[in-house]
Amino acid sequence: MTETAVQIEKVRGPWGDVWAQFRKHKGAMTALFLLGGLAVFCLIGPLVWRIDPNFIESDTVKMFKMRNQGPSLAHPLGTDQLGRDMLARMMFGGRISLAVGTVAMLVAIFIGTTVGVMAGFFRRIDGLLMRLTDLFLALPLLPLLLVMIFLFRDTVAGILGPRLGTFLLIVMAIGLTSWMQAARVVRGEVLALKEREFVLAARSIGTPSRRIITRHILPNVLSPVLVAATLGIAAAIITESVLSFLGLGFPPDFPTWGRLLYDGIAEIRTYPERVIWPGLAISLTVLSVNYIGDGLRDALDPRIRGR
Amino acid sequence: MLTFTLRRLLTAIPTLLLISLVIFLLVDLAPGSPLSDVPLTVPPDVRQKMLEAMGADQPVMVRYFLWLKQFFWIEPLYGIDALLGTDFAQGAQRIISWQSKVPVFQIIGERLPQTLTVVGTAYLIGVLIALPIGIYSAYRQYSWFDQAGTFFAMAGFSVPTFFTGNLLILIFAVNLGWFPTIYDTNLEVVDWASFTKMLAQMALPVTVLALFNAAEISRYTRSSVLENLGQDYVRTARAKGMGEQKVVLKHVLRNSLIPVVTVVALGLPTVFGGAIVTEQIFKINGIGAALIGAINVSDLPTVQTVTFIFAVLIVMFNLIADILYGILDPRIRYD
């Protein structure tokens with residue numbers, strides 16, 4: 001009995017179904033390969049291309065010769081105004097951009113899911129939590145983000161150092177201002193799930209609320225959370241690059257793609273490629289993440305699956 | 001409908017008060033002092049007097065309630081005075097910018113027209129592009145036009161505006177030299193020549209913002225038209241022998257535009273926020289640029305007031321969207 005069950009599982013589990021449907025979405029598959037390529041470029045690239053992205057020639061004469069070089073074999077994307085290798089900086093910047101997107105998304109999803117499950121499951125705090133969500137939705141987020149980063153940048157950088165401090169501040173700020181959609185979606189799902197028979201069954205054999213949530217509710221809200229998470233990465237990368245573009249992002253020796261673009265704008269007339277490369281990288285990443293989110297939404301929806 | 005509107009208006013008041021408190025307290029935590037520009041040679045007692053003159057030495061709560069009173073009572077009075085030439089305000093203290101020592105609302109009044117011209121035109125054009133694309137995409141679902149429209153929409157909200165903006169500057173302003181890179185706010189439209197100049201300088205920022213807005217709205221239009229095309233009344237209309245054009249453009253369109261109208265209304269305030277970036281790219285001297293400038297010199301009254309105005313816009317347009325929905329769709333009754 002167990003053997004056949006294992007065999008059927010091997011043929012196609014629930015995730016196999018999702019994968020089969022996902023593969024039919026051409027845009028999403030292309031996007032997955034594109035994002036995979038970009039991830040390899042950022043994560044494995046520095047192991048192959050071993051130039052320090054922050055290396056500045058200490059000899060002034062040499063440094064001046066190294067500045068603003070065009071593409072060559074030694075520097076395929078040229079060098080910047082301080083003679084730093086642009087290819088290495090692009091890889092390094094991509095790492096941080098992707099890290100910011102992922103961690104900020106995790107923060108937002110964690111807050112959003114917690115608020116959503118609490119509001120959906122416990123009627124007593126539902127009103128309060130949803131008013132809080134509405135309040136956050138009514139806040140002008142971009143101006144507030146700018147204010148938050150401007151105000152706390154120096155303080156946090158003083159405690160945790162400029163790199164870790166800025167990273168944590170920006171990630172927390174983005175996460176704190178982008179959890180509302182996830183909370184609303186999750187609350188809606190939980191409200192519907194709570195009335196289903198399996199939850200009633202679990203409750204009638206005396207399962208405590210905490211375990212009903214972790215065992216029965218959470219696995220069932222996984223699909224909307226996954227979709228929200230994917231789209232959240234894209235939104236977080238965009239927000240971070242907007243902050244960098246407005247000059248309130250990462251320090252220049254710890255650049256993201258947004259910061260590289262911001263640095264390139266001053267000399268856009270003479271060296272347009274310094275704006276185009278990071279801009280292209282941001283756009284492609286966000287575009288593929290959005291396409292993957294779209295494909296995931298279709299794949300996780302059992303009503304569409306099988307068509 | 002009227003009771004609903006009144007109820008919503010009443011519930012908007014505590015929301016706005018809470019938001020104002022959040023904004024005020026957050027901004028007030030600023031470590032920068034309003035005197036950081038003043039030379040260090042100024043003696044401490046003079047500094048203290050300067051702080052007192054600005055009202056910056058008062059406790060937070062005192063300043064918050066003063067600001068509330070100024071925002072909701074004194075400034076509207078000044079507004080009425082300016083409109084009707086009366087004297088209700090009688091020289092009461094206004095919200096003063098620490099940076100320029102000018103009333104904040106005067107700064108906003110100077111900056112708002114630029115933002116409104118650019119953002120307003122862009123939003124209008126965005127909607128006008130988005131509607132036909134959305135309708136035709138839905139009508140010919142899965143055609144090459146629909147695929148292209150989907151890609152256009154995806155690219156539209158994936159590619160950040162600061163990248164498209166700079167790309168357009170690079171192509172059309174630097175290489176081709178068709179349009180200026182910088183928006184000249186002093187330009188007044190008096191004759192044909194200045195009008196074409198105005199059009200030329202508006203072209204790039206409006207394109208950037210319009211494309212960005214069109215992307216999202218065209219998606220909503222498409223899904224809304226798709227939903228309506230499958231309805232029974234469409235089949236009835238076709239069965240009666242009604243022309244395809246009349247079915248789509250009259251019956252389907254009217255019904256599908258209901259959710260689109262609310263999306264358009266909800267999107268307006270966020271456009272103001274998004275315009276901050278566009279204003280920065282094209283150096284437009286608008287309200288977003290004023291906010292960024294104020295943040296960079298810790299001009300707290302300006303930051304608080306401008307941010308709160310953004311919040312008021314969001315709450316107001318949420319309300320408008322709800323009311324519009326109720327008016328346009330007779331199936332929806334709030335009472």
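Q: How many residues of chain B are in contact with chain A?
A: In this predicted model, 40 residues of chain B are in contact with 35 residues of chain A. Contact means heavy atoms within 4.5 Å.

Q: And what area is buried between the two chains?
A: About 3,300 Å², with carbon and sulfur atoms giving 84% of it. Buried area is the accessible area (1.4 Å probe) that two parts lose on being put together, summed over both.

Q: Which three residues of chain B supply more of that than any other three?
A: B:M154, B:F162 and B:F163, which supply 18% of the area chain B buries against chain A.

Q: How many salt bridges cross the interface?
A: The rule finds zero between chain B and chain A. A salt bridge here is a side-chain nitrogen of Lys or Arg within 4 Å of a carboxyl oxygen of Asp or Glu.

Q: What kinds of residues are on the side of chain B that touches chain A?
A: They divide into 30 nonpolar, 10 polar and no charged. Ala, Val, Leu, Ile, Met, Phe, Trp, Tyr, Cys and Pro count as nonpolar, Asp, Glu, Lys and Arg as charged, and the others, Gly among them, as polar.

Q: Switching topic, what does UniProt list for residues 94-293 of chain A?
A: The unreviewed entry gives "domain: ABC transmembrane type-1"; such annotations may be inferred rather than shown by experiment, and positions follow the numbering used here, with feature names shortened.

Conventions. Residues are numbered from 1 along each chain as its sequence is written. Chains are lettered from A and ligands numbered from 1 in the order in which they are written. This is a predicted model: local features need pLDDT of at least 70, side-chain atom pairs count only at pLDDT 80 or more; totals for chains, interfaces and linings use all residues. Side-chain values use heavy atoms; hydrogens and water are left out.
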